[in-house]
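Subject: Structure handover

Dear colleague,

I am passing a structure on to you, with notes on what was found in it. Please look through the model before reading further.

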Amino acid sequence: MTTTDLARQHAPVRRGSLEALRRRPVVLGLAGLLVLAVAIVAGVGLGTVHISPSETIAILAHRLGWGAEETWAQSSETIVVTLRLPRVLTALIVGLGLSVAGVTFQGLLRNPLADPYILGTASGAALGAAIGVLIPIQIAWLGLGLVNILAFVGALAAIALVYRVAGGGGRSTMTSILLTGYAVGSMLAAGLSLAMYLSGSQLRQIFNYLLGSLAGSDWQSLLIGLPIVITGTVLILARARSLNGLLLGDDTALHLGVDVRRERAILLGLASLVTAAAVSLAGLIGFVGLVVPHVIRLIVGPNARVVLPLSAIFGGAFLIIADLGARMAGELPVGIITAVIGAPIFVMLLRRYRTGYQL
Amino acid sequence: MSERGLRIDIEGLGLRYGQTDVLRDIDLHIGAGERLCLVGPNGAGKSSLLRCLTGLVDPTSGGVALDGKALDAVERSAIARSISVVPSGVDLPFSMRVEEVVQLGRIPHENPFTGATDEDHRAVAAALARVGIEELRGRDVRELSMGERQLVLVAMAVAQGGRLIVLDEPTVHLDLRHQVEVLSMLTRLTDDGLTVLAVLHDLPLAAHFFPRLVLLDGGRLVADGAPAEVLSPARIRDVYRVDPRFVPALA
């Protein structure tokens with residue numbers, strides 16, 4: 001009997017299309033790119049003014065410099081290029097960034113319940129945004145509003161504080177970082193509550209930020225956020241090996257040649273940077289960074305080298321579609337849509353997979 | 001396999017945590033291809049010695065040399081290619097299959113950008129075959145028995161390709177049959193030419209499976225040699241403070 005026969009005999013439930021995808025994740029990646037392309041075209045074409053898929057593709061191709069005779073109304077092109085395209089691409093970048101950061105935090109903390117916001121970035125960003133709303137002067141820098149800038153700074157400041165307080169450079173464990181993250185997050189949340197209490201008529205603006213929305217997307221902020229998210233993602237991807245090693249815990253990772261302290265600091269920094277860029281573009285959008293990595297891992301297994309790029313592709317597509325849903329439902333905050341889709345999926349996963357076990 | 005095991009020279013090794021001397025003046029030379037077992041009561045310093053030897057902690061005095069080269073001059077990734085450590089257990093945060101766990105042993109060899117190569121896949125297949133768990137490759141590790149899981153971790157260490165295999169209590173939680181299975185596996189690894197260093201609590205099994213035992217007590221090396229020599233009734237009484245009749249194979 002050959003090994004394959006034995007493997008079949010011992011694993012009778014491992015056949016079917018999901019198993020085929022697990023063996024060939026590239027196929028899933030190509031399928032993901034196709035879904036992403038369809039999502040982009042649908043996201044740009046659908047709305048109060050419908051633009052047909054062929055026209056949408058023609059306008060996009062034209063903009064990319066691929067010929068195409070101009071047969072469409074100028075108004076269609078304006079809608080596509082100045083309104084919808086930046087919004088769809090922002091959704092792509094935010095969904096991609098949150099998913100990649102989610103994979104990284106879950107791996108680093110060795111905790112399947114981790115998400116990009118777990119170490120206080122959410123509260124830090126929210127407090128920063130609230131302060132931005134409350135400051136009565138209007139400052140704009142490179143086309144970014146004060147709210148975006150302070151949200152970005154707040155997210156990074158929160159994680160830096162957590163890392164310092166937990167003594168992340170020393171012998172501290174990820175558990176102590178996790179607990180410190182919770183403490184710092186609670187403190188910042190108290191600050192946020194105070195800001196909201198004092199905000200009066202500006203409460204709604206803060207509230208909108210907390211719910212997460214892509215309605216305010218424009219080219220300028222996208223062009224600042226995009227390089228941060230993409231660079232961070234590429235650098236995380238280049239460290240997939242370390243992320244895999246850290247799955248086994250600190251000592252075993254060290255025995256596998258992973259410089260645990262350094263790699264952890266670098267990965268934590270990169271994932272935080274990506275998260276900060278995402279929240280400053282779109283506010284606090286939940287569940288994307290939690291659920292997308294889990295679903296991908298469920299299909300292809302936990303190898304970060306495979307999970308990271310697939311989460312990036314599907315995370316981007318998922319948020320474009322969720323945002324399209326939000327727009328079709330009359331500009332609901334997209335965070336509501338992602339939670340409505342994400343929470344049931346997450347509960348289902350929790351029921352199927354208990355959170356960790358001994359080997 | 002023609003590869004030779006790693007030679008280890010430990011000289012004057014001391015380790016101090018705060019005010020406590022965990023290891024004192026250890027001299028130990030392990031030849032290439034030897035199979036050696038560290039024994040001794042809890043707190044004797046066995047695990048600390050392994051940690052010094054694998055570069056996890058820096059000794060306070062003295063040093064370790066691998067094939068004549070000082071350990072502190074060797075990079076961590078290079079140590080990882082020379083020494084495979086079998087963890088006594090691992091907490092996995094996510095569901096993983098046997099071959100995925102064994103694949104993690106290839107981390108020190110993988111190219112950070114391209115990932116696993118054909119050579120890595122061959123090493124994983126060879127390790128699964130050497131440990132005799134090919135048929136488990138597609139199974140989820142949590143479906144396995146404790147004994148099978150331990151073999152998976154041994155396979156991971158074999159895939160790692162170290163010329164020294166280090167095991168800290170590899171048979172803890174295992175029933176007798178699986179203990180024997182894991183320990184027989186270790187003799188096969190020395191047959192392959194690898195150096196094997198283990199920590200065991202079960203003295204009769206240690207005496208049976210290892211030609212050379214090293215007994216530690218209170219951070220000192222108190223005996224080194226053939227099992228019958230090292231585990232004399234007098235020493236069992238002195239070091240373990242039990243009646244030697246509790247170790248029937250030696251009495």
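Chain A has a mean pLDDT of 83, and 88% of its residues reach 70 or more. Two stretches of chain A call for caution. Residues 1-14 of chain A have pLDDT below 50, and beyond near neighbours in sequence this stretch has 13 contacts in the model. Residues 354-359 of chain A are also below 50, with 15 contacts beyond near neighbours in sequence. Where pLDDT is low, the predicted coordinates should not be read in detail.

Chain A has 16 helices and three strands. Of its 359 residues, 50% count as buried. Among contacts in chain A between residues at least 6 apart in sequence, 77% join residues at least 24 apart.

Helix α15(A) can be checked for length. Just after α15(A), G330(A) takes a positive phi of about 80°.

Next, the core. The largest nonpolar core has 187 residues. Those with the most contacts inside this core are A129(A) and I320(A) from chain A, and V102(B), V152(B), V154(B), A155(B) and L213(B) from chain B. Helix α15 (residues 304-328) of chain A gives the most to this core, 16 residues. In soluble globular proteins, nonpolar side chains tend to be buried together. As for V102(B), its contacts outside the four places on either side in sequence are V124(B), A127(B), L128(B), V152(B), A155(B), M156(B) and A159(B).

Where the chains touch, 33 residues of chain B are in contact with 34 residues of chain A. On the chain B side, the elements giving two or more residues are α2 (76-82), β7 (91-92) and α3 (98-104) of chain B. The largest share, four residues, comes from α2(B). By class, this side of chain B has 16 nonpolar, six polar and 11 charged residues.

Chain B also has a set of paired strands around β10(B). Strand β3 (residues 35-39) of chain B pairs with β10 (residues 212-217) of chain B in the parallel sense, over four bridges. In that pairing, L36(B) has R212(B) as its bridge partner. β10(B) is also joined by five bridges to β11 (residues 220-225) of chain B, and these two strands run antiparallel. Here L216(B) stands opposite L221(B). β10(B) and β11(B) form a hairpin with two residues between them, and G218(B) in the turn has a positive phi of about 55°.

D67(B) sits in the loop between β4 (61-66) and β5 (69-70) of chain B. Apart from neighbours within four places in sequence, D67(B) is in contact with L6(B) and R7(B). The C-alpha atoms of D67(B) and T187(B), 120 residues apart along the chain, are separated by 22 Å.

Regards

Conventions:
Residues are numbered from 1 along each chain as its sequence is written. Chains are lettered from A and ligands numbered from 1 in the order in which they are written. Two residues are in contact if their C-beta atoms, placed from the backbone, lie within 7 Å. Ala, Val, Leu, Ile, Met, Phe, Trp, Tyr, Cys and Pro count as nonpolar, Asp, Glu, Lys and Arg as charged, and the others, Gly among them, as polar. A nonpolar core is a set of buried Ala, Val, Leu, Ile, Met, Phe, Trp, Tyr and Cys residues joined through C-beta atoms within 7 Å. A residue is buried if 20 or more other C-beta atoms lie within 10 Å of its own, exposed if 12 or fewer, and partly exposed in between; C-beta atoms are placed from the backbone. Two strands pair if DSSP finds at least two bridges between them. pLDDT is the predictor's confidence in each residue, from 0 to 100.
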